[in-house]
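Here is a report on one chain. It covers helix packing, an annotated domain and some backbone details.

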Amino acid sequence: MFGGGHKKFRVKVTTGKAKGAGTNATINIKLIDHEGSVSESHVLDKWLHNDFEYGKIDSYTIYVEKNFGQCEHIILHRDEVGLNDSWYVEHVTVEHETEADAHFPLSRWLPANTEMQFKKFDSQLPQVVKKEHPEVYQQRQNELDQKKKDFAYAPIANKEGMPRTVTSLPPEETFHRNYIFDLLETKFTGVISQYLKKMRYEDEFASFDDMYKVYYGPLSPFTVPAGHSGWRTDEKFARLRLTGPNCTVIRGVKKDGGLPTNFPVDKDNLAKHFMEGQSFQQAQDADRLFYIDFKDLDGYIAKSSGKPMVAPLALFYARMDGTLIPLAIQLFQKNADNNPIFYPPPIDDEKVWCHAKFWFGVADSNYHEPVTHLLQTHLVAGDFITCFHHMISPSHPVYKLMLPHFIYLLNINTDGMPVLTAEDGAFNKILTFGLDNCYDLMYKKYQTFKLSDAYLSTDLSNRGVENLPNYHYMEDVKPMFKAIEDYITASLKTIYGGKDQVLKDDFEMQNFAKLLCDKTEGMRGVWGDGAFTKLDDLSKTLSTMVFILSNVHAAANFNQYDEYGYPPNLPFRLDGAPPTDKSPVTEDYLVKLFDVNVTLATMDLGRTLSMQGTNKIGNYETHYEYKPDVLKHYLSFIEALKKVGADNDEKNAKRSNPYPWLSPKVVPNSISI
Ligand SMILES: [Fe+2]
């Protein structure tokens with residue numbers, strides 16, 4: 001079989017990094033050329049070599065008949081012999097010295113004792129395969145049937161009406177080994193912080209400066225969080241609403257036609273002290289007034305205190321120099337004598353105002369974790385990805401497009417969520433709100449969640465924040481969203497030949513739309529509402545999902561240590577009760593609001609959640625798409641991201657308060673803790 005009368009190919013096989021990916025089974029391959037000639041079967045085996053191990057690339061030389069043309073398909077087969085026979089094959093490349101490499105990005109489990117045929121690039125619409133290769137289509141259908149079992153789902157916490165997620169994690173969704181190691185290391189620091197606590201703090205802090213002791217010393221796992229700087233100033237308090245972890249709840253007063261009527265601020269007094277010569281109405285008409293209303297927190301009893309949860313409102317003013325400052329805080333919804341509106345000095349005393357700001361921060365953080373962070377990124381995306389795996393074949397071109405942005409999400413939601421949602425997790429032990437309230441609020445918010453509201457321009461216009469100055473979140477997500485949407489739109493145009501009808505005929509995509517938007521358990525506000533009849537609808541849906549998985553989550557997540565790590569900056573919980581009048585408070589009283597255990601646990605949580613361990617956007621962990629006409633859009637995406645990154649560096653160099661969190665150098669492809 002060796003010699004000049006035969007054609008020589010090199011076959012390179014990459015075994016994936018899924019849990020249990022490597023195999024001891026015998027693997028056979030046949031090649032099929034462009035005219036349909038099938039080669040004889042070749043065993044892929046090297047003498048004295050352990051083939052197909054986790055994450056390894058193995059190369060084999062095979063000889064086929066000399067008249068064999070260009071390799072267009074491969075047929076893979078594995079037996080069931082030996083322990084650990086299951087095999088997750090990531091990629092096969094068939095190389096010939098004078099021909100272009102034939103790529104087979106497979107990324108799937110190969111079933112036993114079944115010949116599996118794959119076309120070059122493994123990227124075809126289902127209607128095409130069904131028509132042209134009915135036998136291969138049957139194989140595709142069988143795979144999808146299996147995936148429906150592997151990705152069986154239920155609503156989160158088995159609570160009907162919550163987003164859906166997998167009931168058990170399929171092994172291909174698990175973290176790579178290095179990443180697990182990082183996670184273990186992080187858990188270890190939890191032990192250190194307990195040790196530190198015993199060493200340094202028996203019961204309480206003596207001053208706000210006293211808290212800094214925890215960052216210093218050879219054993220400390222903590223650095224000084226950036227958010228400590230200027231924490232007591234009004235400028236920093238307002239800046240948290242623009243660039244803190246919960247920076248997407250601020251709204252324009254002008255857009256909403258004035259402040260809510262239950263927030264009757266002293267307009268004349270505010271104008272006199274703060275509005276640079278304008279009346280309140282003039283400032284509102286000039287779009288300089290913004291507000292936040294945590295009315296969603298109204299009516300709950302905080303678990304940690306057994307007292308009503310703060311549900312505050314706050315008013316902000318954008319000064320002529322572009323600096324945002326807070327002007328008023330009311331801690332509960334119903335204005336009353338025992339629920340006054342607090343103002344900054346010189347109207348109210350600084351410590352009284354500081355006390356009100358602390359309690360506003362408690363609402364901000366307790367809303368941020370369950371809603372802005374967990375629900376609106378992790379869980380919404382988890383629902384989407386679970387449905388996607390049910391209906392979209394690994395051989396679908398849109399699967400190839402989206403998978404790099406789905407990486408690890410289901411793993412994080414399954415294994416990482418208990419950090420927040422276990423009985424002894426952060427929702428119960430750190431937040432004042434408590435686990436049951438968090439679930440209840442998430443449920444309510446999901447009932448009114450609409451994916452279309454997360455589309456960037458819709459979100460900004462719905463909130464009326466286009467004129468909000470120094471809103472670095474907005475400035476930075478705009479070019480990122482454009483890069484993502486351009487990439488998705490161009491790719492879909494190529495995949496569907498620019499024709500809505502081809503999309504309508506894509507029954508896998510239509511099945512996905514139906515499941516995603518199911519009337520009893522599905523997501524609301526998805527473009528097309530259960531049927532993708534326009535490419536534009538699919539493009540908006542996928543772009544928004546990639547945006548949520550990358551940027552929206554990055555904004556809500558990665559600065560958590562910096563902003564929460566010094567709790568006076570943004571507290572999760574305070575001892576004592578929200579003020580009901582403007583009686584003076586002492587500095588010592590304010591310090592004693594911060595419990596030592598909660599403070600250290602907060603630092604730990606912030607550090608764990610802010611950790612970064614995966615590739616940045618555009619730098620894919622696994623490449624799924626090799627078709628040149630789609631690949632060129634990916635290359636344009638990379639170029640666009642480079643430009644966004646360079647522009648971002650330039651912006652940050654000029655900013656008095658740099659905001660690095662939405663640079664393509666920081667934002668991952670997908671959530672990642
Ligand atoms: Fe997260």
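## Helix H7 against H9

H7 passes H9 in a left-handed crossing. Left-handed here has a set sense: the near helix is turned anticlockwise from the far one by less than a right angle, while clockwise would be right-handed. The contact draws His378, Ala381, Gly382 and Ile385 from H7, and Leu409, Leu410, Ile412 and Asn413 from H9. Contact requires C-beta atoms, placed from the backbone, to lie within 7 Å. The residues of this contact divide into five nonpolar, three polar and no charged. Nonpolar covers Ala, Val, Leu, Ile, Met, Phe, Trp, Tyr, Cys and Pro; charged covers Asp, Glu, Lys and Arg; the others, Gly among them, are polar.

The axes of H7 and H9 (residues 409-416) come within 9 Å and cross at roughly 125 degrees. That makes H7 oblique to H9. Angles under 35 degrees count as roughly parallel, over 145 as roughly antiparallel, 65 to 115 as roughly perpendicular and the rest as oblique. Axes are lines fitted to C-alpha atoms, for helices over the stretch in contact, and angles run from 0 to 180 degrees between N-to-C directions.

## Model and numbering

This is a predicted model; local features need pLDDT of at least 70, side-chain atom pairs count only at pLDDT 80 or more, and totals for chains, interfaces and linings use all residues. Residues are numbered from 1 along each chain as its sequence is written. Helices (H or I, at least four residues) and strands (E, at least two) are DSSP runs, numbered from the N terminus.

## Helix H7 against H17

H7 (residues 350-391) also packs with H17 (residues 535-557), at an angle of about 155 degrees and with axes 10 Å apart. H7 is therefore roughly antiparallel to H17. The crossing of H7 and H17 is left-handed.

On the H7 side, the contact residues are His368, Thr372, His373, Thr377, Val380, Ala381 and Phe384. H17 contributes Met545, Ile548, Leu549, Val552, His553, Ala556 and Asn557. The residues of the H7 and H17 contact comprise eight nonpolar, six polar and no charged.

H14 (residues 472-495) has 24 residues, which at 1.5 Å a residue should span 34 Å. The expected span is 1.5 Å times one less than the number of residues. The end C-alpha atoms of H14 are 35 Å apart, which agrees. Gly497 follows H14 and has a positive phi, near 60 degrees.

The axes of H14 and H21 (residues 628-654) come within 9 Å and cross at roughly 175 degrees. The two helices are therefore roughly antiparallel. Residues in the contact include Glu475, Asp476 and Tyr487 of H14, and His633, Phe637 and Lys651 of H21. The contact of H14 with H21 divides into 11 nonpolar, five polar and six charged residues.

## PLAT annotation

An unreviewed UniProt entry annotates residues 7-124 as "domain: PLAT". Such annotations may be inferred rather than shown by experiment; positions follow the numbering used here, and feature names are shortened. Over residues 7-124 the chain is 0% helix and 50% strand. The end C-alpha atoms of residues 7-124 are 28 Å apart.

## Backbone exceptions

Most residues other than glycine have a negative phi, and most peptide bonds are trans. Asn113 has a positive phi, near 55 degrees. Asn113 sits in the loop between strands E7 (99-109) and E8 (116-119). Pro345 and Pro346 are joined by a cis peptide bond, with omega about 10 degrees. Pro346 lies in the loop between strand E15 (341-342) and H7.

Methods: Contact = placed C-beta atoms within 7 Å.
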